[in-house]
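Please read them with the structure open.

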Amino acid sequence: MITASAKKRENIAEYLLYMWQIEDIIRAYGLDIDKIQKNLIDRYEGLDEATRRQMRDWYESLIDMMRREGKEKSGHLQLNINTLNDIERLHRQLLNDPKYAAYAAEYYNTLPLIVELRARQGENRKDEIETCFDALYGMLMLKLQGKEISEETARASKQISRFLAQLAGYYKKDYNNELETD
């Protein structure tokens, strides 16, 4: 909750990846708030009781949303889908605005990787931006599991990260009404 709030203000890409990880963590604990309390919330040192309660309430609300939306086993919460849709909307807006030629160039540098990743998705093709997030989330999971990452995959991840970082920067400007558009 504390981390999510800070990330949402500062870097929407990190926020979305973090929220996907939270979804998976909640699933790993079987949507059991008591296990989350014991293994996550109680391990934060120096938190007052009010903050602990807020964290528990936050996790409980996410668990409730997952149940209501049928996301107990897989998939993303609607609030995360909405965030992804907002990012995708901004991406299209930036591509269509000649003032953001540098952004378009970074996108076109990343596009061959996106095309390759989407080709692997088969019939379950996702939007380009979601494909980029899926790739980075997959890399994060490999790192957390201590698995070896090929040099080619590391290069691709770096390019996708650079592209999404630029998009996240524009998202922050848009969020703060600082983005110049036609």
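This is a predicted model: local features need pLDDT of at least 70, side-chain atom pairs count only at pLDDT 80 or more; totals for chains, interfaces and linings use all residues.

1. What pattern does the protein chain follow when read along the sequence? The order is α-α-α-α-α-α-α-α.

2. On overall dimensions, the C-alpha trace of the protein chain spans about 50 × 40 × 30 Å along its principal axes. The accessible surface comes to about 10,600 Å². Carbon and sulfur atoms contribute 47% of that surface.

3. Among contacts with a separation of 6 or more, 67% are between residues 24 or more positions apart.

4. Helix α2 covers residues 12-28 and helix α4 covers residues 49-68. Their axes come within 11 Å and cross at roughly 80°. Angles of 65 to 115 degrees count as roughly perpendicular, and α2 and α4 are therefore roughly perpendicular to each other.

5. Which residues make the contact between these two helices? From α2 they are Y18, M19, I22, E23, I26 and R27. From α4 they are W58, Y59, L62, I63 and M66. By class, the contact of α2 with α4 has nine nonpolar residues, two charged residues and no polar ones.

Technical notes: Residues are numbered from 1 along each chain as its sequence is written. Side-chain values use heavy atoms; hydrogens and water are left out. Axes are lines fitted to C-alpha atoms, for helices over the stretch in contact, and angles run from 0 to 180 degrees between N-to-C directions. Helices (H or I, at least four residues) and strands (E, at least two) are DSSP runs, numbered from the N terminus. Angles under 35 degrees count as roughly parallel, over 145 as roughly antiparallel, 65 to 115 as roughly perpendicular and the rest as oblique. Contact means heavy atoms within 4.5 Å. Ala, Val, Leu, Ile, Met, Phe, Trp, Tyr, Cys and Pro count as nonpolar, Asp, Glu, Lys and Arg as charged, and the others, Gly among them, as polar. Accessible areas come from the Shrake-Rupley method with a 1.4 Å probe; for residues, only the protein chains shown count as cover.
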